[in-house]
Amino acid sequence: MTEVMVHPSQVSPLRRGITNALHSREISIFAVLVLVVVVATTKSHSFLFSHDGWRDLLLTPALLLPLAIGQTVVIVTRNVDLSVGSTLGLTAYLTGRLFVDHPGLPIIAVFAIAIAAGAGLGAVNGVLIAYGRVPALVITLGTLYIYRGIFLSWAGSDRINASDMPKSFLSLGTRSVLGLPMLTILAAVVVVGVAYVLRNARSGRELYAIGSDPDAAGLYGLPVSRRVLAAFVVSGALAGLAGVVYAARYGTVSSGAGYGIELQAVGAAVIGGVAIFGGSGTVWGAAIGAFLLVTINRALPIVGIQDFWQQAVVGLLIISSVALDRVLSARRARQLVEARDQS
Amino acid sequence: MSEPEPMLVLEGIRKSFGAVVALSSGRIAVAPGSIHALVGENGAGKSTLVKIVAGVHRRDAGTFRFRGEDTDFGSTAESKAAGIAVIYQEPTLFPDLSVTENIFMGRQPLGAWRRIDRSAMHAEATNLFRRLGVAIDPRRPALGLSIADQQIIEIAKAISLDASLLIMDEPTAALSGVEVERLFAVARSLRDEGRALVFISHRFDEVFALCDQITVMRDGEYVSTDSVSETTVPEIVSRMVGREVDELFPKIPAHVGDTVLEVSGLQSAGTFHDISFSVRAGEIVGLAGLVGAGRSEIARAVFGVDGYDAGSVRISGRPVPPHQPRAAIRAGMAFIPEDRRKQGLITESSVARNVAAVIRRGLTRGGLLSSAAENNAAGPWAGRLEVKTSALDMKAATMSGGNQQKVVIAKWLATNPRLLIIDEPTRGIDVGTKAEVHRLLSDLAGQGMAILMISSELPEVLGMADRVLVVCEGRITADLDRAQATPEVVMHAATSGSGQATHALPDVQGVTA
């Protein structure tokens, strides 16, 4: 036992932190985001330097951010939640109806009710998946249509207009504090909160363990079903929050609200380095991925890329980020194996 | 020495999975402050017994007392909470997470606000590794760790649990001598603290060096318990093997013809090294060794499912390109994998479709495949192998393990192979059907087929094989004739570590790629 050498203690925490950060997936995605903003700004100065440009840059992702974060929590456990777009639509409409039917209700109560409703819809997914042992893809594809169907039959041809909602609520969508839009601050709080839990709480780490190897998690005695259920509840609640954000930001809610946005949420998470097979990825990455996805959609017309190609560029971004992950992880696994053979 | 109250008592434990009885009367009594060895051949029911104690499986019948109380664990969380730590044969780690997180998952040290205290966690992991005397970076991910390192992590996990009963299911199978010594030092210190340990191993030198008591199991039944000081290795081995090897495994001597398969210098980083052997027509060559030694990996590389880094594979003198199962099939190879439900059968399809799966191409008419053509092609094979099925359109999933295996064999026989590679031919098959599968293999060899058989059941290897190759830690450590191959010799070669072939390899020396 002479050569006990546990290497990391020889590296200072600061240096290790910097090395890790520089090698992280988040940094490289952030660099791409910066690049997109710089290129768009050189084409048109108002992209960044006008008041509206600055506000849109920060405000537009506020809707996708909570969804991408919720999606990350679910994907980390090796599941997926496709129903969030319909949940968003339902809760956005619910928000409008609450203002119409109960004019005196405080805004904070509306937030709470919409989030709780989203959590309830998420719990339905979670129970079926965690306890019914049905693949998440199938269940949430089903609830995607069911929730949308409930929304359609409830709303009919009715729509919520800006005039139905109080001014103080709608101003949330336009107000800024210290140059930062309120809704973006709200989304940022969610990002920080969920990131903290996923990194620092036992339950958060268990989500990663479950996604990394569900069988091992069971053998280990982790409460797999409970944690998976909780992940879906969180995803639903965040979709509920996104519903309120939608109502505040756009002022109108029609039956098409949130249509197809679930795929953007999955795309944002994947671009941000959240492995689709679970077990790895961070909320930060997904948040930057959401920013990048939204910003690239706004930047491409400015750069002069035709409508037709804009969708394709997003697709290319998703595929290339997954391909990059594959290549890097294969190379890393190979290095680790070879290092073992030599020792 | 007065008799202390046993920590763990199991009596008359029964457990069956479907039609297969894994345990018919499991029994063990482990005293605190002792290390108890549990030995038996593969399939004797040791792992099932362990999994019942761990709460993975529930027993069908029998008494289970832990610390004097009747117990019935419904989950691994319950057994863990009661103070039982288990190190399984296959390490159960989370590859994406760091080594430290793997050790402390679910019970990480917490700081203020129930925040995980990472520095305390790392310090504790470092301490654990220092105590075990190993150099593993606690911050690296578990991905890519060798089996030995994974095993060390499992041990660290169990130790950090502060369990009163620690069960180790073949913890040393992949460890080097130094690592084993360290593990034993730790195990002894745990024993001296008054904990009870159960140690499952195939290495008798280790069992006798470490353990106080030894319980033998065979075919799901308890055989005997002795104090280690009052018994000997040959005595234990004879109890383990128990039956006359030949009666169950009828191998008819066959005329051995030309060399069919020639493997030389096969190598794959991290899994196997310098593998050279040959199989001749009419010969059954058994590939023996411990679970995880690399036998299946070698077979998969020969057939081309996996690639390899160096070496060559030849069928009747002609080279077979690597990593191309199709080319291997064309060259006359057939491969029956270990896990027939997952890899050998399309369980949701009919028997006929399964049998015709590999020869599909020859049955098509204008690119279309009819059920009639499939039935016509499958009928004779199913009949020859006595597949017990009411109709050829029955789903494979509803059949017993033995009949499923026959379907898989039929599927490959329909391709007219010259070489049959079969991995664990009788795993999970009841005794009666086992004999039928064995007779079938013997017949095929008699008709001039070359057969490479991988088996973890020693009597099966010894009874069936004309020649036994023993694999240990990714290398062939022995090449034995039928006459030389005794349980003791094979066991010794399977556990003795790399680098000491007990027999030269006359057929392949000088043949290089």
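Helix 1 (residues 46-54) of chain B is largely enclosed by the rest of the structure, because 9 of its 9 residues are buried. A residue is called buried if 20 or more other C-beta atoms, placed from the backbone, lie within 10 Å of its own. Helices (H or I, at least four residues) and strands (E, at least two) are DSSP runs numbered from the N terminus. Among the buried residues of helix 1 of chain B are Lys46(B), Leu49(B) and Ala54(B). Gly55(B), with a positive phi near 90°, follows helix 1 of chain B.

This is a predicted model, in which local features need pLDDT of at least 70 and side-chain atom pairs count only at pLDDT 80 or more, while totals for chains, interfaces and linings use all residues. Residues are numbered from 1 along each chain as its sequence is written, and chains are lettered from A and ligands numbered from 1 in the order in which they are written. The model has an ipTM of 0.82 and a pTM of 0.76. For chain B the average pLDDT, the predictor's confidence in each residue from 0 to 100, is 81, and 87% of the residues score at least 70.

A nonpolar core is a set of buried Ala, Val, Leu, Ile, Met, Phe, Trp, Tyr and Cys residues joined through C-beta atoms within 7 Å. The largest such core has 163 residues, and Leu67(A) is one of those that touch the most other members. Helix 13 (residues 224-250) of chain A gives the largest share of this core, 17 residues. A second, separate core of 80 residues includes Val285(B) and Leu480(B).

Two residues are in contact if their C-beta atoms, placed from the backbone, lie within 7 Å. Beyond its neighbours within four places in sequence, Leu67(A) has contacts that include Val84(A), Leu238(A) and Ile261(A).

The contact between the chains involves 32 residues from chain B and 30 residues from chain A. The side of chain B that touches chain A divides by class as follows.

| Class | Residues of chain B |
|---|---|
| Nonpolar (Ala, Val, Leu, Ile, Met, Phe, Trp, Tyr, Cys and Pro) | 14 residues |
| Polar (the others, Gly among them) | 10 residues |

Strand 11 (residues 259-268) of chain B is joined to strand 12 of chain B by 6 bridges. Within this pairing, Leu266(B) has Ile275(B) as its bridge partner.

Note on methods. Buried ≥ 20, exposed ≤ 12 C-beta atoms within 10 Å, placed from the backbone. Pairing = 2+ DSSP bridges.
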